[in-house]
Structures are given as structure tokens and as C-alpha cells.
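Have the sequence and the coordinates open as you read.

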Amino acid sequence: MARGELMKKLLASYGRDDEFRAVAELIIDEEEQKKNRVLARTLRRTLDNAVSSGSSSSTNASNAVEGSRSDAPRSLAPLLPFPDPASEYVERKVPTHALPDIALTEDNQEVIRLLVLEFRKGEEIRSRGLPLRSKLLFCGPPGCGKTLCAEVFAQEVGLPLLLVKLDRLISSYLGETATNIRKLFELARKQPCILFLDEFDAIAHTRQDNSEHSELRRVVNSLLLFIDRMEPRGFLIAATNLDASLDAAVWRRFDEVIWFDKPDRKAIADFVAMKFKNVERAFRIEPHLKALQGYSYADIQRVCIQAMRTAIVDRREVVSNSDFATAIGNEVRRHHGKKTRR
Ligand SMILES: Nc1ncnc2c1ncn2[C@@H]1O[C@H](COP(=O)(O)OP(=O)(O)O)[C@@H](O)[C@H]1O
Ligand SMILES: [Mg+2]
């Protein structure tokens with residue numbers, strides 16, 4: 001996230017400890033990514049001390065200030081160590097995309113807008129005894145923005161994004177790492193973050209496949225139970241390519257279901273125009289709409305990029321109609337190959 005944006009978020013989160021901590025963590029993350037290790041370490045120590053000076057429940061004892069002062073300023077949320085980013089099944093991702101980068105239907109824009117607002121007013125909503133919508137299910141065909149939206153959403157609410165690699169988590173769970181899962185969910189319960197379970201189909205499939213190892217099914221069911229019981233301080237987002245075939249037992253665990261469909265004609269036209277925002281083109285999009293129908297955003301993006309590449313190879317500044325048509329042909333060929341090989 002741009003530094004200015006982070007600073008704005010930090011100031012805006014004044015008085016809301018959870019959010020403040022989350023933004024501070026993002027700033028430290030950025031410094032780590034930029035390899036400013038000394039600064040990152042100093043910032044983290046400062047943050048940890050600020051946290052532990054007023055909190056006896058801090059789990060990060062090594063950074064705790066000896067003898068907490070009773071007159072210490074109001075402390076931040078207790079610090080929990082994030083799971084090791086190199087850990088096998090969870091990876092922390094710094095969002096690089098924001099709202100203008102994603103094409104959303106009006107309905108989805110509205111759902112996302114409301115979720116962000118509710119999160120901001122979270123304390124108020126909770127104080128009136130109402131729960132927050134915190135478990136979201138993203139459904140839809142591949143390449144239509146589920147993963148991208150998780151990133152954009154993390155950026156909007158200013159929470160760290162933790163990508164959970166379900167296949168690895170499940171197989172590790174089969175071993176003796178049940179405690180790791182527990183830790184992960186404990187973390188999401190205590191520390192605001194976005195826990196993103198991408199490719200959630202893995203779980204749904206396992207439930208449907210009767211031939212599966214019964215131990216594996218047991219594990220998957222326990223994972224679902226965990227999801228059921230957890231109360232994230234941020235969000236739990238699961239993404240799946242499955243639609244109606246998704247088990248009802250899985251559906252009902254989510255507070256909100258958001259659909260990411262393939263673009264219709266208007267959305268295709270807008271998307272291509274957006275992709276060519278900074279690149280000159282000498283063609284109208286309309287005549288190509290029919291050929292592009294049925295393709296995902298990721299497919300259409302590939303067409304645009306291929307057309308741009310062709311123009312560059314030909315040393316032309318302007319992308320021609322034939323560049324675009326050829327790129328579409330290439331995409332059609334790709335998909336045809338996929339179908340016949342099945
Ligand atoms: N709705 C969208 N708006 C803008 N770009 C998109 C959209 N959907 C997909 N893309 C592009 O395709 C890539 C892959 O999409 P992704 O979010 O991984 O799809 P999914 O998770 O639904 O399979 C994205 O990184 C982005 O470049
Ligand atoms: Mg995805």
C-alpha cells in the first residue's frame with residue numbers, strides 16, 4: 001500500500017486499538033519487504049513494548065517491558081505472534097491491489113462497501129449486541145476475481161492478509177499438526193486479520209467424495225467445525241469454484257456469499273477499455289464482444305496483454321484491430337485445446 005495511504009489509515013484508526021495495531025503491522029511488513037530490517041525491528045519492538053506495557057496477557061514475553069506500569073497508557077490489543085510466514089500452510093501477503101484495479105458488478109460493489117463500513121463501525125455494532133458479518137464465501141468460475149477481491153478487501157479494511165494453503169494444511173493436519181490449526185484460528189480470533197482460505201473446493205470435494213480416506217474426512221469435518229465456532233476479529237474469507245453443488249453444510253457457515261461471475265457484454269467492454277487506459281488502440285471493442293463472451297476476466301486480460309505484446313514486437317505504439325483479433329484467436333485456441341484434452 002502506498003505510504004500515504006498507510007499513514008492515513010493509521011491516523012484514522014486512532015482510538016481503535018485493533019485497527020491501529022493492524023495498520024502498524026502493515027507498515028512494519030512494508031519495511032521488511034523493502035529489506036529495511038533494522039527499522040522494521042525497531043518499529044516492531046516499539047509496538048510490542050507499547051502493547052505489553054499495559055497488558056499482562058501479552059504472549060510475546062521476550063519483548064515485554066519488565067514490571068508493567070499501572071499508570072501506563074491504555075494498551076493496544078495484546079500481541080500475538082503471527083505464524084511464521086515461511087510456515088508450510090500460511091503465507092502473509094501484502095496487498096498490492098486496490099478497488100480501482102478490480103471490475104465488480106454494482107451489487108458486489110455495494111456489498112463490499114457495506115462490509116467495509118460495518119467493519120469500521122464494528123465496536124458500535126457489537127456494543128449493541130449485534131454480530132458482525134465476518135465469514136464470507138466467494139463463489140464463481142476461475143479467473144473472475146475471487147482471489148483479487150480478497151486482496152483488495154484487505155487493502156480497504158487495512159488488515160493483514162493471511163493466505164491459508166488448504167491442501168497443505170489438510171495433509172499436515174493428518175499428521176500431528178492439529179495444534180497448528182488451532183493456533184491459526186486462535187490467532188484470527190484474537191488479532192484482526194483476514195484469513196483467506198483459497199481453493200476451498202478442496203474441502204467441499206473431500207466431503208462429497210465417499211471414497212476418501214475416512215481419517216481425511218474426519219479432519220475436514222473438524223476443520224469445518226473450527227470455522228463454525230471461530231469468531232474472527234477481522235474476516236474469514238473462503239473462495240471456491242464450485243457453485244450449487246457446494247454442500248449445504250458448508251454454505252450455512254458463512255454470513256455472506258458473494259458471486260463472481262464471468263463478465264457480460266458491457267462488463268467486457270468496460271474491462272477492455274480499462275486495460276487499454278494507458279495504451280493506444282486503433283480498434284473498437286464492440287465488434288469483438290461476441291467473440292469474448294463466455295471468457296473470464298483473466299482470459300480477457302490475457303487477450304489484451306497478448307495484443308499489446310504483438311504491437312511491441314512489431315515496433316508499433318498503437319495496438320491494431322488485427323493484433324486484438326489475433327489475440328482472441330489465440331485465446332480461443334487455448335480453450336479449445338483444454339476442452340479436447342479432457
Ligand atoms: N473482476 C476482475 N477485475 C479485474 N481483474 C480481474 C478480475 N478477475 C480476474 N482478474 C484478473 O485475473 C487474475 C486472476 O484472477 P483471480 O482473482 O485469481 O481469479 P479467481 O480467484 O476467481 O480464480 C487477477 O489477478 C486479475 O489480474
Ligand atoms: Mg483464486
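## Strand β2, from the inside

Start with β2: K135, L137 and C139 point one way, L136 and F138 point the other, and all of them are buried. Buried here means under 20% relative accessible area, exposed means over 50%, and partly exposed is whatever falls in between, using a 1.4 Å probe and protein chains only. With 5 of the 5 residues of β2 (residues 135-139) buried, the strand is largely enclosed by the rest of the structure. In general, side chains of a regular strand alternate between the two faces of the sheet.

A word on ground rules: this is a predicted model, where local features need pLDDT of at least 70 and side-chain atom pairs count only at pLDDT 80 or more, while totals for chains, interfaces and linings use all residues. Residues are numbered from 1 along each chain as its sequence is written, chains are lettered from A and ligands numbered from 1 in the order in which they are written, and side-chain values use heavy atoms, with hydrogens and water left out. As for the element names, helices (H or I, at least four residues) and strands (E, at least two) are DSSP runs, numbered from the N terminus.

## Who pairs with β2?

Which strands run parallel to β2 or pair with it in the parallel sense? On one hand there's β5, joined to β2 by 5 bridges and running parallel to it; here L137 sits opposite A238. On the other there's β6, paired with β2 in the parallel sense over 4 bridges, with F138 across from I258. Two strands count as paired if DSSP finds at least two bridges between them.

S134 is buried, with a relative accessible area of 9%. Leaving aside neighbours within four places in sequence, S134 is in contact (heavy atoms within 4.5 Å) with P232, G234, F235, L236 and D255.

## The whole sheet

Zoom out and you get an open sheet of 6 strands, in the order β1-β3-β4-β5-β2-β6, with mixed pairing. Its edge strands are β1 (90-93) and β6 (256-259), each pairing on one side only. From one strand to the next, the twist averages 25 degrees.

Now follow β4. Strand β4 (residues 194-197) pairs with β5 (residues 235-240) in the parallel sense over 4 bridges, with I194 opposite F235 and L195 opposite L236. β3 (residues 161-164) is joined to β4 by 4 bridges, and these two run parallel; the β4 bridge partner of L163 is F196. In β4, I194 and F196 point one way and L195 and L197 the other, and all are buried.

Helix α1 (residues 3-12) has L6, K9 and L10 as its buried residues. They span an arc of only 100 degrees around the axis, which puts them on the same side of α1; that arc is taken from the directions from the helix axis to the C-beta atoms. The face turned away from the buried side carries the exposed K8 and L11. The cover over α1's buried residues includes α2 (17-33), α4 (106-120) and α6 (146-157).

Two of those covering helices also cross. The axes of α4 and α6 come within 10 Å and cross at roughly 35 degrees. The contact is made by I112, L115, V116, F119 and R120 of α4 and C149, F153, E156 and V157 of α6. Axes are lines fitted to C-alpha atoms, for helices over the stretch in contact, and angles run from 0 to 180 degrees between N-to-C directions.

Helix α14 (residues 297-313) has 17 residues and reaches 24 Å from its first C-alpha to its last, close to the 24 Å expected at 1.5 Å a residue. That expected span is 1.5 Å times one less than the number of residues. The buried residues of α14 are Y297, D299, I300, V303, C304, A307, M308 and A311.

Just after α14, R315 takes a positive phi of about 55 degrees. R315 lies in the loop between α14 and α15 (321-341) and is exposed, with a relative accessible area of 79%. K35 also has a positive phi, about 65 degrees, although it is not a glycine. You'll find K35 in the loop between α2 and α3 (37-52), exposed at a relative accessible area of 56%.
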